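Work through the exercises below with the sequence and the model side by side, and try each task before you read its solution.

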Amino acid sequence: MNFKTLIAISICIVTFTACKPDLKTIGTVDDDKLITPAMIDEMGFEEFEKQYLGKEVTITDIYKSRFTGGYNLEKGQCVFAVRNGDDKINKDLVVYIYANHFPDFVIEDQFKESSPEFTSLLDYSEETDLPIDVCEERCEYNEKTGACFYKSPHLKITGKPFLIEEGTYYYMYMKLKGVEY
(Lines give C-alpha, C1' and ligand atoms only; values in the text may rest on other atoms or scores of the structure.)
Protein backbone atom coordinates (compact mmCIF):
# COMPACT_ATOMS: atom_id res chain seq x y z
CA MET A 1 0.00 0.00 0.00
CA ASN A 2 1.47 3.36 -0.99
CA PHE A 3 1.61 6.44 1.21
CA LYS A 4 -1.22 8.32 -0.62
CA THR A 5 -3.60 5.38 -0.22
CA LEU A 6 -2.76 5.10 3.47
CA ILE A 7 -3.45 8.81 4.00
CA ALA A 8 -6.74 8.61 2.05
CA ILE A 9 -7.92 5.66 4.14
CA SER A 10 -6.91 7.44 7.36
CA ILE A 11 -8.84 10.56 6.34
CA CYS A 12 -11.93 8.48 5.54
CA ILE A 13 -11.78 6.72 8.90
CA VAL A 14 -11.29 9.98 10.82
CA THR A 15 -14.09 11.67 8.88
CA PHE A 16 -16.50 8.78 9.42
CA THR A 17 -15.71 8.61 13.12
CA ALA A 18 -16.05 12.36 13.59
CA CYS A 19 -19.42 12.49 11.82
CA LYS A 20 -20.97 9.53 13.60
CA PRO A 21 -23.07 10.71 16.55
CA ASP A 22 -22.07 9.58 20.02
CA LEU A 23 -25.28 7.70 20.81
CA LYS A 24 -26.47 7.09 24.36
CA THR A 25 -28.51 4.13 25.56
CA ILE A 26 -30.95 3.69 28.44
CA GLY A 27 -31.81 0.05 29.09
CA THR A 28 -31.14 -2.38 26.25
CA VAL A 29 -31.65 -1.85 22.52
CA ASP A 30 -31.58 -4.94 20.31
CA ASP A 31 -30.49 -4.19 16.74
CA ASP A 32 -31.23 -7.78 15.68
CA LYS A 33 -34.98 -7.05 16.07
CA LEU A 34 -34.95 -3.91 13.93
CA ILE A 35 -38.00 -2.80 11.94
CA THR A 36 -38.89 0.51 10.31
CA PRO A 37 -42.26 2.15 9.64
CA ALA A 38 -41.65 1.63 5.90
CA MET A 39 -41.26 -2.13 6.48
CA ILE A 40 -44.47 -2.17 8.50
CA ASP A 41 -46.32 -0.24 5.79
CA GLU A 42 -45.05 -2.65 3.15
CA MET A 43 -46.13 -5.78 5.06
CA GLY A 44 -49.59 -4.39 5.90
CA PHE A 45 -51.48 -4.22 9.15
CA GLU A 46 -52.54 -7.87 9.53
CA GLU A 47 -49.03 -9.21 9.00
CA PHE A 48 -47.59 -6.48 11.23
CA GLU A 49 -49.93 -7.44 14.07
CA LYS A 50 -49.35 -11.17 13.58
CA GLN A 51 -45.54 -10.85 13.59
CA TYR A 52 -45.03 -8.31 16.38
CA LEU A 53 -47.85 -8.35 18.95
CA GLY A 54 -46.39 -9.54 22.25
CA LYS A 55 -42.88 -9.96 20.83
CA GLU A 56 -39.84 -7.78 21.33
CA VAL A 57 -39.14 -5.36 18.53
CA THR A 58 -36.83 -2.42 17.87
CA ILE A 59 -38.35 0.52 15.98
CA THR A 60 -36.22 3.07 14.14
CA ASP A 61 -36.70 5.82 11.51
CA ILE A 62 -38.88 7.86 13.83
CA TYR A 63 -38.33 11.59 13.85
CA LYS A 64 -41.37 13.33 15.27
CA SER A 65 -42.39 13.12 18.87
CA ARG A 66 -44.94 14.51 21.24
CA PHE A 67 -45.67 14.18 24.91
CA THR A 68 -49.13 12.74 25.47
CA GLY A 69 -49.51 13.16 29.19
CA GLY A 70 -49.56 10.44 31.73
CA TYR A 71 -50.52 9.16 35.11
CA ASN A 72 -48.82 9.83 38.43
CA LEU A 73 -46.03 12.00 37.09
CA GLU A 74 -44.55 12.34 40.59
CA LYS A 75 -43.54 8.68 40.33
CA GLY A 76 -42.40 9.02 36.73
CA GLN A 77 -45.18 6.86 35.34
CA CYS A 78 -46.09 8.36 32.01
CA VAL A 79 -47.04 7.87 28.40
CA PHE A 80 -45.37 9.55 25.47
CA ALA A 81 -45.67 8.97 21.74
CA VAL A 82 -43.30 9.04 18.79
CA ARG A 83 -44.30 9.08 15.13
CA ASN A 84 -42.38 8.70 11.90
CA GLY A 85 -44.23 11.22 9.66
CA ASP A 86 -42.86 9.89 6.36
CA ASP A 87 -44.47 11.20 3.17
CA LYS A 88 -43.23 8.19 1.18
CA ILE A 89 -45.38 5.59 2.94
CA ASN A 90 -49.14 5.08 3.08
CA LYS A 91 -49.59 5.14 6.88
CA ASP A 92 -47.39 6.55 9.60
CA LEU A 93 -46.58 4.57 12.71
CA VAL A 94 -47.36 6.06 16.12
CA VAL A 95 -45.69 4.31 19.05
CA TYR A 96 -47.10 4.93 22.53
CA ILE A 97 -44.50 4.14 25.17
CA TYR A 98 -45.57 3.30 28.68
CA ALA A 99 -42.55 4.16 30.77
CA ASN A 100 -41.37 3.22 34.24
CA HIS A 101 -43.21 0.02 35.05
CA PHE A 102 -46.63 1.46 34.48
CA PRO A 103 -49.06 -0.23 36.86
CA ASP A 104 -51.27 -2.74 35.08
CA PHE A 105 -54.45 -1.22 36.48
CA VAL A 106 -53.70 2.13 34.82
CA ILE A 107 -53.30 0.52 31.39
CA GLU A 108 -56.44 -1.53 31.94
CA ASP A 109 -58.31 1.65 32.91
CA GLN A 110 -57.21 3.33 29.69
CA PHE A 111 -57.96 0.48 27.31
CA LYS A 112 -60.86 -1.13 29.17
CA GLU A 113 -59.49 -4.51 28.11
CA SER A 114 -59.40 -7.10 30.83
CA SER A 115 -59.29 -10.33 28.86
CA PRO A 116 -56.64 -12.82 30.02
CA GLU A 117 -54.96 -12.58 26.59
CA PHE A 118 -54.56 -8.82 26.94
CA THR A 119 -53.42 -8.98 30.57
CA SER A 120 -50.74 -11.55 29.70
CA LEU A 121 -49.32 -9.15 27.11
CA LEU A 122 -48.69 -6.63 29.89
CA ASP A 123 -46.19 -8.90 31.65
CA TYR A 124 -42.68 -7.87 30.66
CA SER A 125 -39.73 -8.69 32.89
CA GLU A 126 -37.33 -6.73 30.64
CA GLU A 127 -39.04 -3.37 31.24
CA THR A 128 -36.69 -0.47 32.06
CA ASP A 129 -37.10 2.88 33.80
CA LEU A 130 -36.53 6.26 32.19
CA PRO A 131 -35.49 9.55 33.81
CA ILE A 132 -38.48 11.35 35.31
CA ASP A 133 -37.87 14.43 33.11
CA VAL A 134 -39.23 12.39 30.20
CA CYS A 135 -42.60 12.66 31.90
CA GLU A 136 -42.40 16.34 32.84
CA GLU A 137 -40.74 18.23 30.02
CA ARG A 138 -42.08 19.66 26.81
CA CYS A 139 -38.73 20.49 25.33
CA GLU A 140 -36.42 20.41 22.35
CA TYR A 141 -33.86 17.68 21.72
CA ASN A 142 -30.32 18.54 22.75
CA GLU A 143 -27.69 16.17 21.35
CA LYS A 144 -25.06 17.17 23.92
CA THR A 145 -27.17 16.70 27.05
CA GLY A 146 -29.62 14.10 25.74
CA ALA A 147 -32.57 16.24 26.85
CA CYS A 148 -35.79 15.21 25.14
CA PHE A 149 -34.10 12.11 23.75
CA TYR A 150 -37.41 10.97 22.32
CA LYS A 151 -37.13 13.75 19.73
CA SER A 152 -33.68 12.59 18.56
CA PRO A 153 -33.31 11.88 14.83
CA HIS A 154 -31.26 8.82 15.86
CA LEU A 155 -33.93 7.32 18.13
CA LYS A 156 -34.31 3.54 18.38
CA ILE A 157 -36.83 1.97 20.73
CA THR A 158 -36.87 -1.65 21.90
CA GLY A 159 -39.86 -3.02 23.72
CA LYS A 160 -42.84 -5.34 23.78
CA PRO A 161 -46.03 -4.28 21.96
CA PHE A 162 -49.11 -5.18 23.98
CA LEU A 163 -51.64 -3.62 21.58
CA ILE A 164 -51.49 -2.92 17.84
CA GLU A 165 -54.31 -1.07 16.06
CA GLU A 166 -55.02 0.40 12.66
CA GLY A 167 -56.79 3.70 12.04
CA THR A 168 -55.56 6.90 10.46
CA TYR A 169 -52.10 5.53 11.40
CA TYR A 170 -50.71 2.22 12.58
CA TYR A 171 -50.68 2.39 16.38
CA MET A 172 -48.35 0.37 18.58
CA TYR A 173 -48.63 0.49 22.38
CA MET A 174 -45.56 -0.90 24.08
CA LYS A 175 -43.69 -1.48 27.30
CA LEU A 176 -40.12 -0.25 27.07
CA LYS A 177 -36.90 -2.27 27.22
CA GLY A 178 -34.57 0.47 26.06
CA VAL A 179 -33.88 3.52 23.93
CA GLU A 180 -30.87 4.66 21.95
CA TYR A 181 -30.61 8.27 20.91
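A residue is called buried if its relative accessible area is under 20%, exposed if it is over 50%, and partly exposed in between, with a 1.4 Å probe and protein chains only. This is a predicted model, in which local features need pLDDT of at least 70 and side-chain atom pairs count only at pLDDT 80 or more, while totals for chains, interfaces and linings use all residues. Residues are numbered from 1 along each chain as its sequence is written, and side-chain values use heavy atoms, with hydrogens and water left out.

**Exercise 1. Find the place of Ala81 and decide whether Ala81 is buried or exposed.**

Solution. Begin with the secondary structure, where helices (H or I, at least four residues) and strands (E, at least two) are DSSP runs, numbered from the N terminus. Ala81 belongs to strand E5, which covers residues 78-83. Next, take its relative accessible area, which is 2%, so Ala81 is buried. Finally, look across to Tyr150, which is 69 residues away in sequence, although the two C-alpha atoms are 8.5 Å apart in space.

**Exercise 2. Describe the surroundings of Asp92, starting with the question of which residues it touches.**

Solution. First locate Asp92, which sits in the loop between E5 and strand E6 (93-99). With a relative accessible area of 9%, Asp92 is buried. Then list its contacts (heavy atoms within 4.5 Å): leaving aside residues up to four places away in sequence, Asp92 touches Arg83, Asn84, Gly85, Asp86, Tyr169 and Tyr170. With Arg83 there is also a side-chain polar contact of 2.3 Å; the term stands for a pair of N or O atoms within 3.5 Å, of which, within protein, one must be able to donate a hydrogen and the other to accept it, and residues adjacent in sequence count only if both atoms are side-chain atoms.

**Exercise 3. Which residues of helix H3 are buried, and how are they arranged around the helix?**

Solution. In H3 (residues 45-52), the buried residues are Phe45, Phe48 and Tyr52. Seen down the helix axis they fall within an arc of 60° (taken from the directions from the axis to the C-beta atoms), so they line one face of H3. An α-helix has 3.6 residues a turn, so residues three or four places apart point the same way. The face turned away from the buried side carries the exposed residues Glu46 and Lys50. As for the cover over the buried residues of H3, it includes strand E2 (34-35), helix H2 (37-43), E3, E6, E7 and E8.

**Exercise 4. Which strands does strand E7 pair with, and why is E7 called largely enclosed?**

Solution. Two strands pair if DSSP finds at least two bridges between them. Strand E3 (residues 57-59) pairs with E7 in the antiparallel sense over three bridges, and strand E8 (residues 170-180) is joined to E7 by 10 bridges, also running antiparallel. Thr158 in E7 stands opposite Thr58 and opposite Gly178 in E8, while a hairpin of three residues links E7 to E8. Nine of the 11 residues of E7 (residues 156-166) are buried, so the strand is largely enclosed by the rest of the structure.

**Exercise 5. Where in the chain is confidence lowest, and where is it highest?**

Solution. The chain averages 79, and 78% of the residues score at least 70. Confidence is lowest in helix H1 (residues 3-19), at a mean of 48, and highest in E3, at 96.

Note on methods: pLDDT is the predictor's confidence in each residue, from 0 to 100.
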